[in-house]
Amino acid sequence: MSTLRNKVQLIGNVGQTPEIKNLERGKKVASFSIATNEFYKNSKGEKVQDTQWHNVVAWGKTAEIVENYVGTGKEIAIEGKLTNRSYESKEGEKRYVTEVIASEILLLGNGTAKTESQQ
């Protein structure tokens, strides 16, 4: 059970074109967001869609896969770990960020987001 302490699995659609950075010694990092959707019925029996956005970071070979195959609207599955960090903005305000550090990415679907009627 010790390997299950910090594990995240998400299936969603990529929100924007991933940002790729080439760092020193040829290392790459990819940053992007994905949207996950959950559907439920409210107290009136109406179908409601709840969309959550997740920031994702991929390093090395995983970043190369993102660079070559992942684009806006693409449905993907991600496995990784959840991390929190903070930084200071240009205005001097402390900001907090929660990200998923992707260890594996699986390409799914045909690359377009499904509409509610298709699900």
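Which strand holds N13? The legends below answer this and move on through the predicted model.

**Figure 1. The whole protein in outline.** This model is predicted. The protein has 1 helix and 6 strands. Read from the N terminus, its elements run β-β-β-β-α-β-β. The chain has 119 residues, and 29% of them are buried. Take the contacts with a separation of 6 or more: 58% of them join residues 24 or more positions apart. The protein exposes about 8500 Å². Carbon and sulfur atoms supply 46% of that area.

**Figure 2. N13 in strand β1.** N13 belongs to strand β1, which covers residues 8-14. Is N13 buried or exposed? N13 has a relative accessible area of 14%. Buried means under 20%, so N13 counts as buried. One of its polar atoms lies 3.1 Å from the backbone oxygen of G73.

**Figure 3. G12, also in strand β1.** G12 is found in strand β1. The relative accessible area of G12 is 4%, and this residue is buried. Which residues does G12 touch, beyond those up to four places away in sequence? They are I34, A35, T36, K74, E75 and I76. Look at I76 in particular. G12 and I76 are 64 residues apart in sequence. In space, their C-alpha atoms are 5.7 Å apart.

**Figure 4. The largest nonpolar core.** This core has 16 residues. Which of them touch the most other members? They are F32, I34, V56, V66, I76, I78 and I105. Several elements contribute to the core. At least two residues come from each of β1, β3 (28-41), β4 (47-59), α1 (60-69), β5 (75-88) and β6 (94-107).

**Figure 5. I34 and its contacts.** I34 is among the core residues that touch the most other members. Set aside the neighbours within four places in sequence. I34 is then in contact with L10, G12, N13, V14 and G15, among others. Its contacts also include Q52, W53, H54 and V56. I76 and I78 complete the list.

**Figure 6. V70 in a loop.** Where does V70 sit? V70 lies in the loop between α1 and β5. Its relative accessibility is 8%. The limit for buried is under 20%, so V70 counts as buried. Leaving out neighbours within four places in sequence, V70 contacts V14, P18, I65, I76 and L107. The view also takes in Q16. V70 and Q16 are 54 residues apart along the chain, and 9.7 Å separates their C-alpha atoms.

**Figure 7. R25 in another loop.** R25 is placed in the loop between β2 (19-22) and β3. Is R25 buried or exposed? With a relative accessible area of 86%, R25 is exposed. Now check the backbone. Most residues other than glycine have a negative phi. R25 is not a glycine, yet its phi is positive, near 60°.

**Figure 8. W59 in strand β4.** W59 is found in strand β4. Its relative accessibility is 38%. Which residues does W59 contact, leaving aside neighbours within four places in sequence? They are L23, K27, K28, V29 and I101. S103 gives a further distance to check. W59 and S103 are 44 residues apart along the chain. Their C-alpha atoms are separated by 8.1 Å.

**Figure 9. S86 in strand β5.** S86 lies in strand β5. S86 is partly exposed, with a relative accessible area of 36%. Beyond neighbours within four places in sequence, S86 is in contact with K94, R95 and Y96. Next, find V97. S86 and V97 are 11 residues apart along the chain, with 6.0 Å between their C-alpha atoms.

**Figure 10. K47 and the ring of F39.** Which residue lies over the face of F39? K47 does, at 5.0 Å from the ring centre. How many aromatic pairs does the structure hold? The count is 0.

Technical notes:
Residues numbered from 1 in each chain as written. Predicted model: local features only at pLDDT ≥ 70, side-chain atom pairs only at ≥ 80, totals over all residues. Heavy atoms only, no water. Phe/Tyr/Trp six-rings, centres within 6.5 Å; stacked < 30°, edge-to-face > 60°. Lys NZ or Arg CZ within 6 Å of the ring centre and 35° of its normal. Helix = DSSP H or I, 4+ residues; strand = E, 2+ residues; numbered from the N terminus. Buried < 20%, exposed > 50% of the residue type's maximum accessible area, 1.4 Å probe, protein only. Polar contact = N/O pair within 3.5 Å; in protein donor to acceptor, adjacent residues only side chain to side chain. Core = buried A, V, L, I, M, F, W, Y, C linked by side-chain atoms within 4.5 Å. Contact = heavy atoms within 4.5 Å. Areas by Shrake-Rupley, 256 points an atom, 1.4 Å probe, with all protein chains shown as cover.
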